[in-house]
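Trainee: I would like a close look at one part of this model. Please pick a helix and its charged side chains, and walk me through the numbers.

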Amino acid sequence: MKETIYLKNMMIEYENLFKVNLPYFEKYRQNFEEVLQSGWFILGDNVKKFEKEFSFYNNIEYCSGVASGLDALTISLMSLDLEKGSDIIVPSNTYIATIISIILAGHKPVLVEPDLTTYNINPALIEESVTPRTRAVMVVHLYGKPCDMDPIMEICKEHNLFLIEDCAQAHGAEYKGKKVGNFGDMAGFSFYPTKNLGCLGDGGAILTNNESFHLKNEMLRNYGSRKKYQNEFIGLNSRLDEIQAAFLITKLAHLNIIIKHKRELALLYFSHLKEDFIKPSVNESFFDVFHIYNIRHKKRDALKDYLLKNNIQTEIHYPVPPHKQKALSFLSHLKFPISEEIHSTTLSLPVSTIHSKEEIMWVIEIMNKF
Ligand SMILES: Cc1ncc(COP(=O)(O)O)c(C=O)c1O
(Lines give C-alpha, C1' and ligand atoms only; values in the text may rest on other atoms or scores of the structure.)
Protein backbone atom coordinates (compact mmCIF):
# COMPACT_ATOMS: atom_id res chain seq x y z
CA MET A 1 0.00 0.00 0.00
CA LYS A 2 2.83 2.37 0.95
CA GLU A 3 4.46 1.89 -2.46
CA THR A 4 1.24 2.43 -4.40
CA ILE A 5 -0.03 5.52 -2.57
CA TYR A 6 1.84 7.77 -5.06
CA LEU A 7 -0.32 6.32 -7.85
CA LYS A 8 -3.41 7.88 -6.33
CA ASN A 9 -3.11 11.19 -8.14
CA MET A 10 -1.40 9.90 -11.24
CA MET A 11 -3.34 9.18 -14.44
CA ILE A 12 -2.88 5.60 -15.55
CA GLU A 13 -3.12 5.96 -19.30
CA TYR A 14 -4.55 3.20 -21.43
CA GLU A 15 -1.63 3.59 -23.83
CA ASN A 16 1.10 6.14 -24.60
CA LEU A 17 2.93 5.63 -27.88
CA PHE A 18 5.68 8.08 -26.99
CA LYS A 19 6.53 6.02 -23.91
CA VAL A 20 6.06 2.72 -25.76
CA ASN A 21 8.68 3.72 -28.30
CA LEU A 22 11.04 5.60 -25.97
CA PRO A 23 13.32 2.58 -25.33
CA TYR A 24 14.05 2.36 -29.07
CA PHE A 25 14.57 6.06 -29.84
CA GLU A 26 18.33 5.84 -30.18
CA LYS A 27 18.13 2.83 -32.49
CA TYR A 28 15.28 4.44 -34.46
CA ARG A 29 17.38 7.57 -35.03
CA GLN A 30 20.14 5.34 -36.37
CA ASN A 31 17.59 3.49 -38.57
CA PHE A 32 16.35 6.81 -39.94
CA GLU A 33 19.86 8.11 -40.63
CA GLU A 34 20.79 4.92 -42.47
CA VAL A 35 17.69 4.94 -44.67
CA LEU A 36 18.14 8.65 -45.35
CA GLN A 37 21.76 8.13 -46.36
CA SER A 38 20.91 5.14 -48.53
CA GLY A 39 18.67 7.20 -50.83
CA TRP A 40 16.47 4.10 -51.33
CA PHE A 41 12.99 4.43 -49.84
CA ILE A 42 10.73 1.79 -51.43
CA LEU A 43 11.25 -2.02 -51.59
CA GLY A 44 14.91 -2.06 -50.69
CA ASP A 45 17.23 -3.92 -48.33
CA ASN A 46 15.32 -3.07 -45.15
CA VAL A 47 12.04 -4.47 -46.45
CA LYS A 48 13.85 -7.62 -47.64
CA LYS A 49 15.60 -8.01 -44.28
CA PHE A 50 12.42 -7.48 -42.29
CA GLU A 51 10.50 -9.94 -44.48
CA LYS A 52 13.21 -12.53 -43.91
CA GLU A 53 13.29 -11.97 -40.15
CA PHE A 54 9.50 -11.93 -39.78
CA SER A 55 9.25 -15.15 -41.83
CA PHE A 56 11.85 -16.75 -39.60
CA TYR A 57 10.12 -15.54 -36.42
CA ASN A 58 6.86 -17.11 -37.55
CA ASN A 59 8.40 -20.19 -39.16
CA ILE A 60 6.60 -19.42 -42.43
CA GLU A 61 8.36 -19.54 -45.79
CA TYR A 62 7.32 -16.28 -47.48
CA CYS A 63 6.57 -12.76 -46.32
CA SER A 64 5.53 -9.65 -48.26
CA GLY A 65 5.59 -6.27 -46.54
CA VAL A 66 2.57 -4.15 -47.45
CA ALA A 67 1.15 -0.76 -46.51
CA SER A 68 -1.34 -1.85 -43.83
CA GLY A 69 -3.15 -4.75 -42.19
CA LEU A 70 -6.22 -3.95 -44.26
CA ASP A 71 -4.19 -4.26 -47.46
CA ALA A 72 -2.60 -7.51 -46.23
CA LEU A 73 -6.08 -9.05 -45.93
CA THR A 74 -7.43 -7.51 -49.16
CA ILE A 75 -4.41 -8.66 -51.19
CA SER A 76 -4.60 -12.17 -49.67
CA LEU A 77 -8.20 -12.45 -50.84
CA MET A 78 -7.34 -11.02 -54.27
CA SER A 79 -4.57 -13.62 -54.65
CA LEU A 80 -7.09 -16.43 -54.24
CA ASP A 81 -8.58 -15.33 -57.57
CA LEU A 82 -12.13 -16.31 -56.61
CA GLU A 83 -15.16 -15.49 -58.74
CA LYS A 84 -16.52 -12.06 -57.69
CA GLY A 85 -19.30 -12.17 -55.13
CA SER A 86 -18.08 -15.33 -53.39
CA ASP A 87 -19.23 -15.86 -49.80
CA ILE A 88 -16.44 -15.43 -47.26
CA ILE A 89 -17.14 -16.48 -43.67
CA VAL A 90 -15.91 -14.01 -41.03
CA PRO A 91 -16.62 -13.44 -37.31
CA SER A 92 -19.39 -10.95 -36.49
CA ASN A 93 -17.36 -9.28 -33.71
CA THR A 94 -14.13 -8.34 -35.45
CA TYR A 95 -12.66 -4.92 -36.10
CA ILE A 96 -14.41 -3.63 -39.22
CA ALA A 97 -11.20 -3.83 -41.33
CA THR A 98 -11.57 -7.62 -41.66
CA ILE A 99 -15.01 -7.20 -43.20
CA ILE A 100 -13.98 -4.24 -45.35
CA SER A 101 -11.17 -6.33 -46.88
CA ILE A 102 -13.76 -8.86 -48.10
CA ILE A 103 -15.86 -6.12 -49.68
CA LEU A 104 -12.83 -4.40 -51.27
CA ALA A 105 -11.80 -7.73 -52.80
CA GLY A 106 -15.27 -7.94 -54.38
CA HIS A 107 -16.81 -10.60 -52.16
CA LYS A 108 -19.67 -11.02 -49.71
CA PRO A 109 -19.00 -11.20 -45.96
CA VAL A 110 -21.02 -13.90 -44.20
CA LEU A 111 -20.94 -13.10 -40.50
CA VAL A 112 -20.75 -15.90 -37.95
CA GLU A 113 -21.17 -15.46 -34.20
CA PRO A 114 -18.24 -15.82 -31.79
CA ASP A 115 -18.03 -18.04 -28.75
CA LEU A 116 -19.03 -16.00 -25.68
CA THR A 117 -16.06 -17.26 -23.65
CA THR A 118 -13.20 -16.90 -26.17
CA TYR A 119 -14.60 -13.98 -28.26
CA ASN A 120 -13.31 -15.83 -31.32
CA ILE A 121 -15.39 -17.31 -34.13
CA ASN A 122 -17.41 -20.31 -32.96
CA PRO A 123 -16.22 -23.31 -35.04
CA ALA A 124 -19.51 -25.12 -34.44
CA LEU A 125 -21.39 -22.30 -36.20
CA ILE A 126 -19.11 -22.11 -39.24
CA GLU A 127 -20.32 -25.33 -40.79
CA GLU A 128 -23.99 -24.34 -40.76
CA SER A 129 -23.13 -21.10 -42.61
CA VAL A 130 -21.39 -22.88 -45.48
CA THR A 131 -23.34 -22.61 -48.75
CA PRO A 132 -22.46 -23.63 -52.35
CA ARG A 133 -21.17 -20.04 -52.79
CA THR A 134 -18.76 -20.20 -49.82
CA ARG A 135 -15.13 -20.13 -50.91
CA ALA A 136 -13.14 -19.11 -47.85
CA VAL A 137 -13.11 -18.63 -44.09
CA MET A 138 -11.31 -15.63 -42.62
CA VAL A 139 -10.62 -16.12 -38.92
CA VAL A 140 -9.50 -13.37 -36.55
CA HIS A 141 -7.29 -14.08 -33.55
CA LEU A 142 -9.02 -11.34 -31.61
CA TYR A 143 -7.33 -9.45 -28.76
CA GLY A 144 -4.25 -11.69 -29.25
CA LYS A 145 -5.93 -15.01 -28.45
CA PRO A 146 -5.67 -17.73 -31.13
CA CYS A 147 -8.85 -19.23 -32.54
CA ASP A 148 -9.55 -22.92 -32.03
CA MET A 149 -7.89 -23.92 -35.31
CA ASP A 150 -8.27 -27.74 -35.40
CA PRO A 151 -12.04 -27.83 -35.99
CA ILE A 152 -11.82 -24.80 -38.31
CA MET A 153 -9.15 -26.46 -40.48
CA GLU A 154 -11.22 -29.62 -40.51
CA ILE A 155 -14.31 -27.78 -41.82
CA CYS A 156 -12.23 -25.97 -44.46
CA LYS A 157 -10.74 -29.26 -45.62
CA GLU A 158 -14.10 -30.99 -45.75
CA HIS A 159 -15.77 -28.22 -47.76
CA ASN A 160 -12.72 -27.32 -49.83
CA LEU A 161 -12.52 -23.77 -48.50
CA PHE A 162 -9.52 -21.48 -48.37
CA LEU A 163 -8.50 -20.30 -44.92
CA ILE A 164 -7.09 -16.84 -44.21
CA GLU A 165 -5.93 -15.78 -40.76
CA ASP A 166 -6.29 -12.19 -39.61
CA CYS A 167 -3.31 -11.96 -37.25
CA ALA A 168 -3.47 -8.16 -36.92
CA GLN A 169 -3.76 -8.44 -33.12
CA ALA A 170 -1.83 -11.64 -32.55
CA HIS A 171 1.87 -11.40 -33.47
CA GLY A 172 3.63 -14.24 -31.66
CA ALA A 173 0.45 -15.95 -30.37
CA GLU A 174 0.48 -19.74 -30.51
CA TYR A 175 -2.05 -22.52 -30.87
CA LYS A 176 -0.85 -25.93 -29.69
CA GLY A 177 2.76 -24.76 -29.84
CA LYS A 178 2.60 -23.30 -33.36
CA LYS A 179 2.51 -19.59 -34.16
CA VAL A 180 -0.69 -18.16 -35.63
CA GLY A 181 -0.33 -17.64 -39.36
CA ASN A 182 0.73 -21.28 -39.79
CA PHE A 183 -2.77 -22.70 -40.08
CA GLY A 184 -4.25 -21.08 -43.16
CA ASP A 185 -3.37 -20.47 -46.81
CA MET A 186 -2.31 -16.93 -45.99
CA ALA A 187 -2.09 -14.68 -42.94
CA GLY A 188 -2.39 -10.91 -42.71
CA PHE A 189 -0.57 -8.86 -40.05
CA SER A 190 -0.87 -5.18 -39.10
CA PHE A 191 1.95 -3.04 -37.73
CA TYR A 192 -0.33 -0.15 -36.73
CA PRO A 193 1.51 1.70 -33.92
CA THR A 194 -0.60 0.32 -31.06
CA LYS A 195 -0.02 -3.32 -32.02
CA ASN A 196 2.40 -5.49 -30.02
CA LEU A 197 4.68 -5.18 -33.06
CA GLY A 198 3.89 -1.65 -34.18
CA CYS A 199 5.84 0.69 -36.44
CA LEU A 200 5.80 4.51 -36.54
CA GLY A 201 3.00 4.78 -39.07
CA ASP A 202 1.03 2.25 -41.09
CA GLY A 203 2.40 -1.11 -42.18
CA GLY A 204 1.39 -4.72 -42.73
CA ALA A 205 2.58 -8.08 -44.02
CA ILE A 206 1.24 -11.21 -45.67
CA LEU A 207 2.73 -14.57 -44.72
CA THR A 208 2.28 -17.80 -46.63
CA ASN A 209 3.93 -21.14 -47.31
CA ASN A 210 2.41 -21.23 -50.79
CA GLU A 211 4.84 -20.04 -53.46
CA SER A 212 2.25 -19.15 -56.07
CA PHE A 213 0.18 -17.09 -53.61
CA HIS A 214 3.39 -15.40 -52.56
CA LEU A 215 4.31 -14.43 -56.12
CA LYS A 216 0.80 -13.07 -56.63
CA ASN A 217 1.00 -11.09 -53.36
CA GLU A 218 4.33 -9.58 -54.42
CA MET A 219 2.83 -8.40 -57.70
CA LEU A 220 -0.49 -7.24 -56.26
CA ARG A 221 1.28 -4.91 -53.81
CA ASN A 222 3.21 -3.40 -56.74
CA TYR A 223 0.72 -2.51 -59.52
CA GLY A 224 0.55 -6.13 -60.70
CA SER A 225 4.17 -5.99 -61.77
CA ARG A 226 7.21 -8.18 -61.14
CA LYS A 227 9.39 -6.59 -63.79
CA LYS A 228 9.78 -2.83 -63.96
CA TYR A 229 7.17 -1.22 -66.26
CA GLN A 230 5.62 -4.57 -67.14
CA ASN A 231 2.19 -5.00 -65.57
CA GLU A 232 0.52 -8.39 -65.79
CA PHE A 233 -2.74 -7.47 -64.03
CA ILE A 234 -4.32 -4.61 -62.09
CA GLY A 235 -2.65 -4.35 -58.71
CA LEU A 236 -2.41 -1.86 -55.88
CA ASN A 237 0.31 0.42 -54.65
CA SER A 238 0.71 -1.10 -51.20
CA ARG A 239 4.32 -1.40 -50.17
CA LEU A 240 5.87 -1.35 -46.72
CA ASP A 241 8.16 1.70 -46.57
CA GLU A 242 11.89 1.17 -46.13
CA ILE A 243 11.87 3.42 -43.07
CA GLN A 244 9.03 1.47 -41.41
CA ALA A 245 10.77 -1.82 -42.22
CA ALA A 246 13.93 -0.51 -40.54
CA PHE A 247 11.95 0.44 -37.40
CA LEU A 248 10.24 -2.96 -37.45
CA ILE A 249 13.58 -4.81 -37.59
CA THR A 250 14.54 -2.95 -34.41
CA LYS A 251 11.20 -3.69 -32.70
CA LEU A 252 10.96 -7.34 -33.78
CA ALA A 253 14.10 -8.12 -31.77
CA HIS A 254 12.11 -7.09 -28.66
CA LEU A 255 8.75 -8.68 -29.52
CA ASN A 256 9.14 -11.65 -27.19
CA ILE A 257 10.05 -9.32 -24.31
CA ILE A 258 7.00 -7.17 -25.09
CA ILE A 259 4.78 -10.28 -25.07
CA LYS A 260 6.34 -11.55 -21.83
CA HIS A 261 5.64 -8.23 -20.11
CA LYS A 262 2.03 -8.15 -21.26
CA ARG A 263 1.47 -11.76 -20.19
CA GLU A 264 2.86 -10.95 -16.72
CA LEU A 265 0.45 -8.02 -16.37
CA ALA A 266 -2.43 -10.21 -17.60
CA LEU A 267 -1.54 -12.79 -14.96
CA LEU A 268 -2.01 -10.14 -12.26
CA TYR A 269 -5.52 -9.40 -13.54
CA PHE A 270 -6.30 -13.13 -13.68
CA SER A 271 -5.02 -13.72 -10.15
CA HIS A 272 -6.30 -10.67 -8.31
CA LEU A 273 -9.38 -9.23 -10.02
CA LYS A 274 -12.53 -10.22 -8.16
CA GLU A 275 -14.88 -12.68 -9.80
CA ASP A 276 -17.56 -10.04 -10.57
CA PHE A 277 -15.58 -9.30 -13.69
CA ILE A 278 -15.76 -11.87 -16.47
CA LYS A 279 -12.14 -12.51 -17.39
CA PRO A 280 -10.79 -13.93 -20.67
CA SER A 281 -10.86 -17.72 -20.94
CA VAL A 282 -7.64 -19.60 -20.32
CA ASN A 283 -6.62 -22.76 -22.13
CA GLU A 284 -3.19 -24.38 -21.86
CA SER A 285 -3.12 -24.98 -25.62
CA PHE A 286 -3.52 -21.28 -26.44
CA PHE A 287 -0.56 -18.89 -26.00
CA ASP A 288 -2.37 -15.56 -25.71
CA VAL A 289 -0.31 -12.41 -26.34
CA PHE A 290 -2.83 -9.96 -24.84
CA HIS A 291 -2.71 -7.23 -27.44
CA ILE A 292 -5.85 -6.38 -25.46
CA TYR A 293 -6.82 -7.58 -21.97
CA ASN A 294 -10.58 -7.27 -21.71
CA ILE A 295 -13.08 -8.07 -19.02
CA ARG A 296 -16.85 -8.04 -19.30
CA HIS A 297 -19.30 -6.50 -16.87
CA LYS A 298 -22.99 -5.72 -17.16
CA LYS A 299 -22.41 -2.20 -15.81
CA ARG A 300 -19.53 -1.62 -18.23
CA ASP A 301 -20.23 2.09 -18.86
CA ALA A 302 -20.54 2.88 -15.15
CA LEU A 303 -17.33 0.94 -14.50
CA LYS A 304 -15.51 2.90 -17.21
CA ASP A 305 -16.69 6.21 -15.69
CA TYR A 306 -15.76 5.07 -12.18
CA LEU A 307 -12.25 4.12 -13.33
CA LEU A 308 -11.77 7.43 -15.12
CA LYS A 309 -12.84 9.30 -11.99
CA ASN A 310 -10.07 7.34 -10.30
CA ASN A 311 -7.56 8.40 -12.98
CA ILE A 312 -7.57 5.10 -14.84
CA GLN A 313 -8.13 5.15 -18.59
CA THR A 314 -9.74 2.23 -20.36
CA GLU A 315 -10.94 1.55 -23.93
CA ILE A 316 -13.77 -0.36 -25.55
CA HIS A 317 -12.95 -2.82 -28.33
CA TYR A 318 -15.39 -2.21 -29.87
CA PRO A 319 -18.35 -0.02 -28.93
CA VAL A 320 -20.35 -0.71 -32.14
CA PRO A 321 -20.50 -4.15 -33.78
CA PRO A 322 -19.82 -4.23 -37.54
CA HIS A 323 -23.43 -5.05 -38.52
CA LYS A 324 -24.59 -1.89 -36.69
CA GLN A 325 -22.13 0.37 -38.52
CA LYS A 326 -23.61 2.85 -41.00
CA ALA A 327 -20.98 1.74 -43.54
CA LEU A 328 -22.34 -1.81 -43.40
CA SER A 329 -26.05 -0.92 -43.36
CA PHE A 330 -26.77 -3.84 -45.73
CA LEU A 331 -26.12 -6.09 -42.69
CA SER A 332 -28.28 -4.11 -40.25
CA HIS A 333 -31.30 -6.44 -40.55
CA LEU A 334 -29.23 -9.35 -39.19
CA LYS A 335 -29.17 -10.36 -35.53
CA PHE A 336 -25.97 -11.27 -33.72
CA PRO A 337 -26.94 -11.39 -30.03
CA ILE A 338 -23.62 -12.84 -28.80
CA SER A 339 -21.64 -10.22 -30.64
CA GLU A 340 -23.94 -7.49 -29.32
CA GLU A 341 -23.59 -8.84 -25.78
CA ILE A 342 -19.79 -8.65 -26.07
CA HIS A 343 -19.87 -5.16 -27.54
CA SER A 344 -22.12 -3.85 -24.77
CA THR A 345 -20.21 -5.40 -21.87
CA THR A 346 -16.53 -5.49 -22.85
CA LEU A 347 -13.92 -3.18 -21.35
CA SER A 348 -10.21 -3.16 -22.24
CA LEU A 349 -7.89 -2.59 -19.28
CA PRO A 350 -4.39 -1.04 -19.31
CA VAL A 351 -1.90 -3.74 -20.40
CA SER A 352 0.97 -1.98 -22.12
CA THR A 353 4.75 -2.13 -21.87
CA ILE A 354 4.48 1.34 -20.30
CA HIS A 355 2.73 -0.15 -17.25
CA SER A 356 4.53 -1.52 -14.22
CA LYS A 357 3.20 -4.36 -12.09
CA GLU A 358 2.58 -1.83 -9.29
CA GLU A 359 0.38 0.23 -11.58
CA ILE A 360 -1.67 -2.80 -12.61
CA MET A 361 -2.04 -3.82 -8.93
CA TRP A 362 -3.33 -0.31 -8.31
CA VAL A 363 -5.87 -0.67 -11.15
CA ILE A 364 -6.94 -3.98 -9.62
CA GLU A 365 -7.30 -2.47 -6.17
CA ILE A 366 -9.55 0.30 -7.52
CA MET A 367 -11.54 -2.13 -9.67
CA ASN A 368 -12.16 -4.50 -6.78
CA LYS A 369 -13.85 -1.64 -4.90
CA PHE A 370 -16.41 -1.17 -7.70
C1 LIG B 1 -8.48 -7.51 -36.31
C2 LIG B 1 -7.91 -6.46 -37.23
N3 LIG B 1 -7.88 -6.71 -38.55
C4 LIG B 1 -7.35 -5.81 -39.42
C5 LIG B 1 -6.85 -4.61 -38.99
C6 LIG B 1 -6.35 -3.63 -39.99
O7 LIG B 1 -5.04 -3.23 -39.79
P8 LIG B 1 -4.53 -1.80 -40.26
O9 LIG B 1 -5.08 -0.79 -39.32
O10 LIG B 1 -3.05 -1.92 -40.22
O11 LIG B 1 -5.05 -1.59 -41.65
C12 LIG B 1 -6.86 -4.32 -37.63
C13 LIG B 1 -6.30 -3.04 -37.15
O14 LIG B 1 -6.61 -2.46 -36.20
C15 LIG B 1 -7.41 -5.26 -36.72
O16 LIG B 1 -7.44 -5.02 -35.41
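Mentor: Start with Glu365. Its relative accessibility is 24%, so Glu365 counts as partly exposed (buried is under 20% relative accessible area, exposed over 50%, partly exposed in between, with a 1.4 Å probe and protein chains only). Glu365 meets Lys369 in a salt bridge, 4.0 Å from N to O (a side-chain nitrogen of Lys or Arg within 4 Å of a carboxyl oxygen of Asp or Glu). Lys369 is exposed, with a relative accessible area of 59%.

A word on the basis. The model is predicted, so local features need pLDDT of at least 70 and side-chain atom pairs pLDDT 80 or more, while totals for chains, interfaces and linings use all residues. Residues are numbered from 1 along each chain as its sequence is written, and side-chain values use heavy atoms, without hydrogens or water.

Now the helix itself. Helix α13 covers residues 357-367 (helices are DSSP runs of H or I, at least four residues; strands are runs of E, at least two; both are numbered from the N terminus). Its buried residues are Glu359, Ile360, Trp362, Val363, Ile364, Ile366 and Met367. What do they pack against? Two of the partners are helices, α10 (255-272) and α11 (300-309). The others are strands β13 (293-296) and β14 (346-349). Contact here means heavy atoms within 4.5 Å.

The α10 side also has a charged link. Glu264 forms a salt bridge with Lys357, with the closest N and O atoms 3.8 Å apart. Glu264 lies in helix α10 and Lys357 in helix α13, so the pair ties together parts 93 residues apart in sequence. Glu264 is partly exposed at 27% relative accessibility. Lys357 is also partly exposed, at 41%. In general, side chains of opposite charge can pair when their charged atoms come close.

The whole structure has 20 salt bridges. One of them joins Glu51 to Arg221, with closest N and O atoms 2.8 Å apart. That pair links distant parts of the chain, 170 residues apart. Glu51 sits in helix α3 (residues 45-58), and Arg221 in the loop between α8 (211-220) and β10 (225-227). Both Glu51 and Arg221 are buried. Glu218 joins them in a network of salt bridges.
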